[in-house]
Amino acid sequence: MCRNIRVLHNFEPPVTGDEVHEAALQYVRKISGSARPSKANEEAFARAVAEVTAATRTLLDDLVTTAPPKNREVEADKARERARERYAR
């Protein structure tokens, strides 16, 4: 899985439209193998990002959980600590 795509479900505050779009953009970049599409592929690339964004938003809206929402700052601190440990080796 692409390391830049983050879990978006069950956070407080809830995920924003920009975060969903950025995740979709990263996904399309990863599977297409291109960070920037050529002029010939620009329309297909943009359409794919829009469709993945819509599908992601639908998924996030439809998911249910009984777990309490995670705090973004606490989760970010945990990720930073894991990275410190991983790269300190």
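1. The structure contains zero aromatic pairs, where a pair would need ring centres of Phe, Tyr or Trp (its six-membered ring) within 6.5 Å, with planes under 30 degrees apart called stacked, over 60 edge-to-face and the rest tilted. This is a predicted model, in which local features need pLDDT of at least 70 and side-chain atom pairs count only at pLDDT 80 or more, while totals for chains, interfaces and linings use all residues. Residues are numbered from 1 along each chain as its sequence is written, and side-chain values use heavy atoms, with hydrogens and water left out.

2. One ring does have a charge over it: the charged end of Lys-70 lies 4.9 Å from the centre of the Phe-11 ring. The criterion is NZ of Lys or CZ of Arg within 6 Å of the ring centre and within 35 degrees of the ring normal.

3. Six salt bridges are found in a search of the whole structure, each defined as a side-chain nitrogen of Lys or Arg within 4 Å of a carboxyl oxygen of Asp or Glu. Among them is the pair Glu-19 and Arg-72, with the closest N and O atoms 2.9 Å apart. This pair links distant parts of the chain, 53 residues apart, with Glu-19 in helix 1 and Arg-72 in helix 3 (residues 72-87). Helices here are DSSP runs of H or I with at least four residues, strands are runs of E with at least two, and both are numbered from the N terminus. Glu-19 is partly exposed at 28% relative accessible area, and Arg-72 is partly exposed at 25%; the classes are buried under 20%, exposed over 50% and partly exposed in between (1.4 Å probe, protein chains only).

4. Lys-78 pairs with Glu-75, the closest N and O atoms being 3.4 Å apart. The two residues are three apart in helix 3, so about one helical turn separates them. Lys-78 is partly exposed at 42%, and Glu-75 is partly exposed at 24%.

5. Glu-81 and Arg-84 form a salt bridge at 3.0 Å, N to O. This pair is likewise three residues apart in helix 3, so its members are separated by about one helical turn. Glu-81 is partly exposed at 36%, whereas Arg-84 counts as exposed at 52%.

6. The second largest pocket has about 210 Å³ of space. A pocket is an open set of points on a 1 Å grid over the protein atoms alone, where a 1.4 Å probe fits, with protein on both sides within 12 Å along at least five of seven lines; lining residues have an atom within 4 Å of a point. Grid points are joined across faces, edges and corners, and the volume is the space filled by probe spheres set on them.

7. What lines this pocket? There are 13 lining residues, and Ile-5, Leu-8, Ala-23, Thr-56 and Leu-59 lie nearest the centre of the second largest pocket. The elements giving two or more residues to this lining are helix 1 (17-32) and helix 2 (42-62). By class the lining has 10 nonpolar, two polar and one charged residues.

8. Two backbone features deserve a check. Glu-12 and Pro-13 are joined by a cis peptide bond, with omega about 0°, and Pro-13 is in the loop between strand 1 (11-12) and helix 1. Asn-10, in the segment before strand 1, has a positive phi near 65° and is buried at 16% relative accessibility. Most residues other than glycine have a negative phi, and most peptide bonds are trans.

Key:
Nonpolar A, V, L, I, M, F, W, Y, C, P; charged D, E, K, R; others polar.
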